[in-house]
Amino acid sequence: MWTPPKRFRCAVLSALKHDYVARGVAVHPRFELVVVADDRQIADWGHARNQQFADVLGVPYVPDIERALADFDVDVAIVSPEAERHCDLSIRAARAGKHVVQDKPLATQRSEADRLVRTIDETGVRFLMWNRNFLPAVNETRRQIAEGVIGRPYAIHSDFYFAKDAGPRKGERLPGYPPLNWHAHQIASHIDGSDGGLGREPMGELAIEAIYPLGYIESLLGTRVERVFARSTAHFHQVYADNNVEDLASVTLEMSGGVLGSLAIGRIGAASHSSGGDINLVVHGDRGTLVVNEAHPGVGIYYRGQPAKEPRQRRVASENDFLLAQNFAEAIDSGGRTIMDARTSYDIFATCEAARESCRSGRPVNVVGATQS
Amino acid sequence: MLRIAVIGAGAQETQNAGSRLRGALLEACGAGSAGEPLQTAQAVAFVSREAADPDAVARALSARQHVLLATVIGSPPQQLDRLSQLASEQGVLLTITRPDRALPSRRLIRQQIENGKLGDIGLVRICRGEPASKIDSSSPRLPSALISDIDLAIWLVGRAPETAYAVQRNGQQAEQRCIQVHLGFSGGGMALVTHTSVWPSQDAHQSVSVIAAGGAAYSDGHQNRQLLFSNGSASAPIADEGPVLTALLSDFVDQVQSGGSCASHDPSWRQLAIVVAAVEQSIASGDAVPVECP
């Protein structure tokens with residue numbers, strides 16, 4: 001007799017930052033969002049945001065995480081609160097036996113990241129860090145490398161620029177104004193989805209976005225970053241300068257297997273690109289080279305009166321959300337790894353942490369990843 | 001008419017450049033040439049690394065010929081200092097420049113920077129994949145193209161770096177090499193310059209990006225390629241940016257004719273030599289090296 005695959009009931013544990021993670025999971029027919037939940041003690045604006053998302057979904061909002069996990073027969077927790085609470089919510093869900101999909105970053109403190117990896121290992125639940133590893137261009141690159149088209153890769157370079165603004169430009173405000181408050185700025189940025197750094201603790205672009213290009217590199221080559229040298233600056237936005245975090249960084253990556261890599265990353269202002277930013281990969285192998293535009297395939301759309309902020313090049317044919325959810329479902333079914341599990345996420349976290357340390361010290365820094373920690 | 005002996009370029013290339021220049025007559029001469037064209041020239045242009053023999057440059061300067069040294073510098077700073085001094089004594093122009101600066105794409109980017117359209121430079125990113133056949137695997141020196149790219153990065157940022165970190169990794173073949181140079185500039189600017197030997201293709205790839213406070217410039221080999229479909233497969237030919245020699249010589253002719261003296265020449269070659277030394281030191285030591293430019 002034909003048996004339909006199990007559907008996974010999902011709790012959205014906070015939608016304070018990105019509801020796109022929950023929406024992305026829900027694209028897959030095996031996942032069903034059944035409740036939005038959060039802790040009772042969060043701020044009123046947080047409850048309002050959660051309630052709004054629950055209303056959109058047509059599901060209850062329960063301001064009590066443990067009760068929601070227990071009462072709604074939940075299989076999966078989708079975690080996207082402020083960054084400081086990522087690990088806490090993921091750990092509580094895992095301890096309750098729920099599989100976890102988490103928004104980036106993994107953590108803001110190494111001790112929390114340690115605790116999360118330990119908990120995932122102990123509980124045996126599946127963990128997926130939401131990422132972009134299944135974008136069409138990345139899939140094609142992975143296929144080419146796997147088929148040996150370029151031979152054994154020995155160098156990889158990634159540019160990852162978001163052509164977005166973040167409040168006033170650096171130096172734009174009159175002297176004497178108080179520093180911009182990071183948390184307040186991030187809360188206000190929710191309206192256009194540029195609140196990836198939501199949290200009380202300021203985070204630079206290495207912490208916020210580097211998981212994407214570093215995720216590409218890991219998923220394409222399977223290498224581990226062993227040592228980094230990095231430079232960074234707050235070059236564009238006053239809120240980054242006021243809070244002493246970087247909006248532009250470059251990182252030299254020395255990786256396992258003798259692979260050399262580099263990363264250029266930044267939130268570089270809307271004026272810098274007409275379609276959201278230049279994102280590229282160059283992979284050199286001993287038999288060839290791949291030069292990849294991550295935004296392909298796309299379609300150019302131009303018309304009279306077009307809003308300045310509307311991308312001229314639109315991405316098409318992306319199944320990233322579906323494929324991530326499919327990968328997660330398969331991992332739950334089989335007990336196998338996800339494309340970005342807790343240990344891989346930890347290694348990326350450790351790489352970013354080492355890069356920031358290198359920026360401070362001006363010296364290369366060894367990366368202490370999940371296997372060494 | 002300024003008579004210029006061109007050393008290090010082929011006859012056809014020289015003829016092509018000559019047909020585009022006003023106020024100058026060009027004659028191609030072989031390296032080590034001592035023939036009539038070289039002796040009667042008012043100026044000598046050394047346009048390849050191989051041709052830029054310091055003794056030959058010194059001979060030309062001593063003969064009171066203006067000199068264009070349009071090549072990646074392979075000489076130590078002291079040697080260039082001596083040549084500069086000689087030019088000064090002879091009252092002739094010694095112009096040292098790098099060919100890549102004359103590429104139309106690089107000039108356009110530089111022009112936008114100078115016009116203030118891009119604002120303060122935050123990052124210069126140069127990625128070059130060069131045919132492995134161009135790599136001299138027996139030489140411990142940095143590849144010429146990498147030195148040229150380091151120069152380009154410094155030229156675009158507009159000041160010397162304060163720190164350099166560089167790493168080299170070798171592939172399975174001796175010619176397979178990836179060198180990454182990471183430069184830090186005062187005020188937070190940075191440059192990532194990567195040179196990789198592409199194997200086994202004869203093809204090449206290059207991209208230059210400038211990320212600045214008010215905008216960005218992308219000169220990307222990826223975007224600049226065409227698609228060619230032939231015999232069931234696709235390739236991506238690139239149209240080159242034209243006769244660089246013309247632009248180099250045109251600037252030089254202007255300098256000579258405007259009465260430029262050796263004192264006015266661009267001193268950045270000295271910075272470049274210091275930076276290259278720091279890069280080589282970083283590769284050897286595995287650590288970041290401070291760059292101390294005067």
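A nonpolar core is a set of buried Ala, Val, Leu, Ile, Met, Phe, Trp, Tyr and Cys residues that are joined through side-chain atoms within 4.5 Å. In the predicted model described here, the largest such core has 72 residues, and those with the most contacts inside it are Leu13(A), Leu106(A), Val228(A) and Leu253(A). Its largest share, eight residues, is supplied by helix H12 of chain A, which spans residues 342–361. Because domain 1 (8–125) and domain 2 (136–318 + 341–366) of chain A both contribute residues to this core, the core lies between them. In soluble globular proteins, nonpolar side chains tend to be buried together.

Apart from the core of 72 residues lies another core, of 35 residues, among which are Ile113(B), Ala166(B), Leu183(B) and Val275(B).

Chain B is divided into domain 1 (2–98 + 244–260) and domain 2 (104–238 + 275–290). The centres of these two domains of chain B, taken over C-alpha atoms, are separated by 27 Å, and the contact between them takes seven residues from domain 1 and eight residues from domain 2.

Chain B also contains an open sheet of seven strands, arranged in the order E11-E10-E6-E9-E8-E7-E14, with mixed pairing. At its edges are strand E11 (215–220) and strand E14 (289–290) of chain B, each of which pairs on one side only. Strand E6 (residues 121–131) and strand E9 (residues 190–198) of chain B run parallel and are joined by nine bridges; within E9(B), Leu192(B) is the bridge partner of Arg125(B). Helix H6 (residues 144–157) of chain B packs on the sheet, where it touches E6, strand E8 (177–184), E9 and strand E10 (205–212) of chain B, and its direction makes about 165 degrees with that of E6(B). Helix H9 (residues 268–285) of chain B likewise packs on the sheet, touching strand E7 (163–170), E8 and E14 of chain B, with a direction that makes about 55 degrees with that of E7(B).

As to confidence, the mean pLDDT of chain B is 87, and 91% of its residues reach 70 or more. Among the elements of this chain, helix H2 (residues 36–40) of chain B has the lowest mean pLDDT, 76, whereas E14(B) has the highest, 98.

Notes. Residues numbered from 1 in each chain as written. Chains lettered and ligands numbered in written order. Predicted model: local features only at pLDDT ≥ 70, side-chain atom pairs only at ≥ 80, totals over all residues. Heavy atoms only, no water. Pairing = 2+ DSSP bridges. Helix = DSSP H or I, 4+ residues; strand = E, 2+ residues; numbered from the N terminus. Contact = heavy atoms within 4.5 Å. Axes fitted to C-alpha atoms, helices over the stretch in contact; angles between N-to-C directions. pLDDT = per-residue confidence, 0-100. Buried < 20%, exposed > 50% of the residue type's maximum accessible area, 1.4 Å probe, protein only. Domains from an automatic or database assignment.
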